[in-house]
Amino acid sequence: MKNASRLLLVLALSFPNVALAQSGVWDTRAPLPVPRGQFSAVSLNGKIYVIGGQAPRLWTSRVDVYDPSLDTWSPAPNAPDTTVGYAVAAVSGKIHVFGGN
């Protein structure tokens, strides 16, 4: 079940204005401000952080934060590098970034 939840999160963020509701029906949500692929995402304190990735034709260090309770996105400070393909984890209230290209 955890893998299915992760897949749904990836799908929801890849198609940024769609999310799966509790009832199992796809529902429209606020779109990701800058659509992109190859990003990393992590949940921390009830919010989802979308970090970096590849917007059309360029890599970005942009960080956007989604608040599911308000269905809103807000910008966060940029990541220190424009790396893609890295892993992220939330540990002890902090986001940690590993690897990448």
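Trainee: Which way do the residues of S7 point, and are they buried or exposed?

Mentor: Buried means under 20% relative accessible area, exposed over 50%, and partly exposed in between, with a 1.4 Å probe and protein chains only. Strands are DSSP runs of E of at least two residues, and helices are runs of H or I of at least four, numbered from the N terminus. In this predicted model, Val63, Val65 and Asp67 point one way from S7, Asp64 and Tyr66 point the other way, and all are buried. Strand S7 (residues 63-67) is thus mostly covered, with 5 of its 5 residues buried. For the protein chain of 101 residues, the buried share is 31%.

Trainee: Which conventions apply to the numbering and the values?

Mentor: Residues are numbered from 1 along each chain as its sequence is written. The model is predicted, so local features need pLDDT of at least 70 and side-chain atom pairs count only at pLDDT 80 or more, while totals for chains, interfaces and linings use all residues; side-chain values use heavy atoms, with hydrogens and water left out.

Trainee: How many bridges join S4 to S7, and how many link S7 and S8?

Mentor: Two strands pair if DSSP finds at least two bridges between them. Strand S4 (residues 47-51) is joined to S7 by 4 bridges, and the two run antiparallel; here Ile48 stands opposite Tyr66. S7 and S8 are also antiparallel, with 5 bridges, and Val65 faces Ser74 of S8. The hairpin of S7 and S8 has 4 residues between the strands, and Asp71 takes a positive phi near 55° there.

Trainee: Where is Pro80 found, and why is it called exposed?

Mentor: Pro80 lies in the loop between S8 and strand S9 (86-91). Pro80 is called exposed because its relative accessible area is 89%. Pro80 and Ser61 are 19 residues apart in sequence, and their C-alpha atoms are 6.9 Å apart in space.

Trainee: Where is confidence lowest, and where is it highest?

Mentor: The predictor's confidence in each residue is given by pLDDT, from 0 to 100. The protein chain has a mean pLDDT of 80, and 77% of its residues reach 70 or more. Confidence is lowest in helix H1 (residues 2-14), at a mean of 48, and highest in strand S8 (residues 72-76), at 97. Over residues 1-8 the pLDDT is below 50, and this stretch has 2 contacts (heavy atoms within 4.5 Å) beyond near neighbours in sequence.
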